[in-house]
Amino acid sequence: MEGENRPALKLAELPALRDIYRVNATLADEELFITTRRYEQTIDRRDKLRERTRFGLLALNAASLAALLSSLGSQWATRLQFTEADIAQTVLCFLVGLMAGAVAIWWSGITATQDAASDFENLLEVRQRKAEYDRAATPEAELKLINRPVPESKIPPDYRWSKIDNLLTNLAGSAWLGAVAGIAWKLSQHVQWCGLWWC
């Protein structure tokens with residue numbers, strides 16, 4: 001048959017799908033660009049929120065502790081009949097939150113340094129891998145490329161997180177909430193709820 005005598009097309013001689021479906025390829029390129037930008041913005045937003053949360057909890061516990069200590073002799077503290085145990089418990093919660101927030105910031109600095117070193121090591125490895133593709137296609141270079149060890153599976157930099165950092169940040173927030181809840185509970189015991197809701 002005529003088809004059997006026709007020489008087979010080599011893969012390199014075939015046109016790319018991009019040359020046939022130009023409109024679809026252009027739309028795919030734009031979608032990739034937009035999705036990549038959206039992803040980068042999400043990662044940036046996440047990192048900024050984490051940093052603001054750490055510093056915010058530290059400032060919140062410090063300000064609350066200062067406000068509590070400055071109002072110990074005030075009229076409202078006397079009317080609420082705060083005992084020494086109540087005050088000590090609230091101060092302890094704010095102090096725990098303060099220390100946890102400070103240590104969370106300190107620990108995030110340590111992990112950031114480790115992550116930067118790990119990323120630099122990964123960068124050198126990627127550069128080396130790229131450089132091997134730029135070499136002349138000698139049998140030795142091809143053999144070296146084929147026998148190159150597979151990179152160890154690592155958590156991508158965008159998905160790394162520290163259990164200790166998260167634990168300390170959550171502890172700082174929980175300590176503040178516990179102290180405020182204690183004050184709110186003491187306050188609720190002195191509010192006439194029936195009169196408040198016109199019973």
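Analyst: A residue is buried at under 20% relative accessible area, exposed at over 50% and partly exposed in between, with a 1.4 Å probe and protein chains only as cover. This is a predicted model, in which local features need pLDDT of at least 70, side-chain atom pairs count only at pLDDT 80 or more, and totals for chains, interfaces and linings use all residues. Residues are numbered from 1 along each chain as its sequence is written, and side-chain values use heavy atoms, without hydrogens and water.

User: What makes up the nonpolar patch on the surface?

Analyst: The patch consists of L17, I20 and Y21, which together have about 350 Å² of accessible area. Members of such a patch need over 30% relative accessible area and no salt bridge, and their nonpolar side chains must be joined within 5 Å. Areas come from the Shrake-Rupley method.

User: How do you know that the span of α3 agrees with its number of residues?

Analyst: Helix α3 covers residues 22–70, which is 49 residues, and at 1.5 Å a residue it should span 72 Å. The expected span is 1.5 Å times one less than the number of residues. The end C-alpha atoms of α3 lie 71 Å apart, which agrees.

User: Which residues of α3 are buried, and what covers them?

Analyst: The buried residues of α3 are A25, I43, R54, L57, N61, S64, L65 and L68. Their cover includes α2 (17–20), α5 (84–133) and α7 (163–188).

User: Why is S64 called buried?

Analyst: S64 has 16% relative accessibility, under the limit for buried, so the term applies. This residue of α3 is in contact (heavy atoms within 4.5 Å) with F94 and W176, leaving aside neighbours within four places in sequence.

User: What makes up the largest nonpolar core?

Analyst: Five residues form it: L65, L68, V91, F94 and A179. A nonpolar core takes buried Ala, Val, Leu, Ile, Met, Phe, Trp, Tyr and Cys residues joined through side-chain atoms within 4.5 Å. With neighbours within four places in sequence left aside, A179 contacts T90, C93 and F94.

User: What makes D165 and R54 a salt bridge?

Analyst: A salt bridge needs a side-chain nitrogen of Lys or Arg within 4 Å of a carboxyl oxygen of Asp or Glu. For D165 and R54 the N to O distance is 2.7 Å, so the pair qualifies. This pair links distant parts of the chain, with D165 in α7 and R54 in α3, 111 residues apart.

User: Are D165 and R54 buried or exposed?

Analyst: D165 has a relative accessible area of 2% and is therefore buried. R54, at 12%, counts as buried too.

User: How many salt bridges are there in the whole structure?

Analyst: A search finds six. Among them is D29 with R18, whose closest N and O atoms are 2.7 Å apart. D29 in α3 and R18 in α2 are 11 residues apart, and the pair links distant parts of the chain. Another joins D47 and R46 at 2.9 Å, N to O.

User: Why are D29 and R18 called partly exposed?

Analyst: D29 has 37% relative accessibility and R18 has 44%. Both values fall between the limits, so both residues are partly exposed. D47 is partly exposed at 36%, and R46 is partly exposed at 28%.

Methods. Helix = DSSP H or I, 4+ residues; strand = E, 2+ residues; numbered from the N terminus. Patch = residues over 30% accessible without salt bridge, like charges linked within 9 Å, V, L, I, M, F, W, Y side chains within 5 Å. Areas by Shrake-Rupley, 256 points an atom, 1.4 Å probe, with all protein chains shown as cover.
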